[in-house]
Structure formats: C-alpha cells, structure tokens
Amino acid sequence: VQLQASGGGLVQAGGSLRLSCAASGRAISNYNMGWFRQAPGKEREFVAASTRRGITKYYADSVKGRFTISRDNAKNTVYLQMNSLKPEDTAVYYCAADRPGTNFSGTHYSTDIYDYWGQGTQVTVSS
C-alpha cells in the first residue's frame with residue numbers, strides 16, 4: 001500500500017487543521033492505521049491510531065481531547081483532525097499502516113509495527 005499525507009500548513013496557536021492520508025494499491029480496511037510526528041532533533045512519536053474498522057482509537061496523552069483520528073474506508077483515506085493547536089504540536093506528521101498480524105492493542109504506539117509510511121506533511125503552529 002502507498003500512503004500520501006496532506007493537509008499540513010502554518011496555523012496560529014488555538015487554530016485547527018485536518019490532515020488526510022490517502023492510500024493506494026490496497027484497501028486500508030486491511031490495516032490498522034496510525035499517525036506519528038517528528039519534530040526537529042527529536043524521535044518520531046506516536047500521535048493517534050485506529051483499528052481497521054475505526055471502532056477502537058488510541059491517542060497520545062499530549063493530544064487527547066484535541067485530536068481526533070477517523071477513517072473512511074470507502075474513500076481509502078484516514079484523517080487527523082487537530083484542534084486547539086499548540087506551538088509544541090509543530091512537527092512533520094506521518095501516517096502509517098501496520099504489519100498484518102500485529103498485536104495492535106498492545107503495540108499501536110510503536111513505530112516498529114508499521115510497515116508502510118507516507119512521506120510526511122509539515123505542521124507549524126505559531127505562538
């Protein structure tokens with residue numbers, strides 16, 4: 001599966017953005033999906049994840065209550081709605097699809113279980 005992330009940009013603190021991750025080559029209904037981010041000089045960190053049908057969602061504590069992951073399997077797209085953005089949310093955001101057969105409930109936060117990555121989209125939040 002190929003993933004293409006989009007929707008990043010420059011926004012003021014308190015603003016909102018919606019990121020999209022469009023998949024091609026295979027249906028995303030076959031995959032648990034995640035969003036990660038990487039700020040300059042820092043490791044890539046978990047942001048949010050969704051099971052195949054979107055029934056179970058996971059969030060990093062730092063974004064809980066502000067970010068929402070969703071998916072439209074019919075459109076083969078995953079979204080990340082980001083509200084109340086803070087300067088510390090500034091990073092390159094990546095979407096990813098997991099490796100089939102993973103114990104997703106226990107490992108969704110780990111980059112190791114994701115085999116497919118989009119190219120990233122820059123989010124910059126100004127204070």
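The model is predicted, so local features need pLDDT of at least 70 and side-chain atom pairs count only at pLDDT 80 or more, while totals for chains, interfaces and linings use all residues. Residues are numbered from 1 along each chain as its sequence is written, and side-chain values use heavy atoms, leaving out hydrogens and water.

**The sheet**

- Four strands make up an open sheet in the order β1-β3-β8-β7, with antiparallel pairing. Strands here are DSSP runs (E, at least two residues) and helices are runs of H or I with at least four residues, both numbered from the N terminus; two strands pair if DSSP finds at least two bridges between them.
- At the edges are β1 (2-6) and β7 (67-72), each of which pairs on one side only.
- From one strand to the next, the twist averages 15°, with axes fitted as lines to C-alpha atoms and angles running from 0 to 180 degrees between N-to-C directions.
- Strand β3 covers residues 17-24 and is joined to β1 by five bridges, the two running antiparallel.

**The disulfide**

- Searching the whole structure turns up one disulfide, defined as a pair of cysteine sulfur atoms within 2.5 Å.
- The disulfide joins C21 to C95, with an S to S distance of 2.1 Å.
- The link of C21 and C95 is right-handed, with 70° about the S-S bond.
- This pair connects distant parts of the chain: C21 belongs to strand β3 and C95 to strand β9 (residues 91-98), 74 residues apart.
- Both C21 and C95 are buried, where buried means under 20% relative accessible area, exposed over 50% and partly exposed in between (1.4 Å probe, protein chains only).

**Aromatic rings**

- The count comes to seven aromatic pairs. Rings of Phe, Tyr and Trp (its six-membered ring) pair if their centres lie within 6.5 Å, and planes under 30 degrees apart count as stacked, over 60 as edge-to-face and the rest as tilted.
- Y58 and F104 have ring centres 6.0 Å apart and planes at 70°, so the pair is edge-to-face. Y58 sits in strand β6 (residues 57-59) and F104 in helix α1 (residues 104-107), 46 residues apart; both Y58 and F104 are buried.
- F104 also pairs with Y114: the centres are 6.3 Å apart and the planes at 80°, so this pair is edge-to-face. Y114 is in strand β10 (residues 114-117), 10 residues from F104, and Y114 is buried.
- One aromatic cluster is formed by F36, F46, Y58, F104, Y114 and W117.

**A charge over two rings**

- The charged end of R44 sits over the ring of Y94, 3.7 Å from its centre; the rule asks for NZ of Lys or CZ of Arg within 6 Å of the ring centre and within 35 degrees of the ring normal.
- R44 also has its charged end over the ring of W117, 4.9 Å from the centre.

**Two residues up close**

- S20 is found in strand β3 and is buried, with a relative accessible area of 18%.
- Leaving out residues up to four places away in sequence, S20 touches Q4, A5, S6, W35, T77, V78 and Y79; contact means heavy atoms within 4.5 Å.
- C95 has a relative accessible area of 0%. With residues up to four places away in sequence again left out, C95 touches L3, A5, C21, G34, W35, Y116, W117 and G118.
- The C-alpha atoms of C95 and F36 are separated by 6.3 Å, although these residues are 59 apart along the chain.
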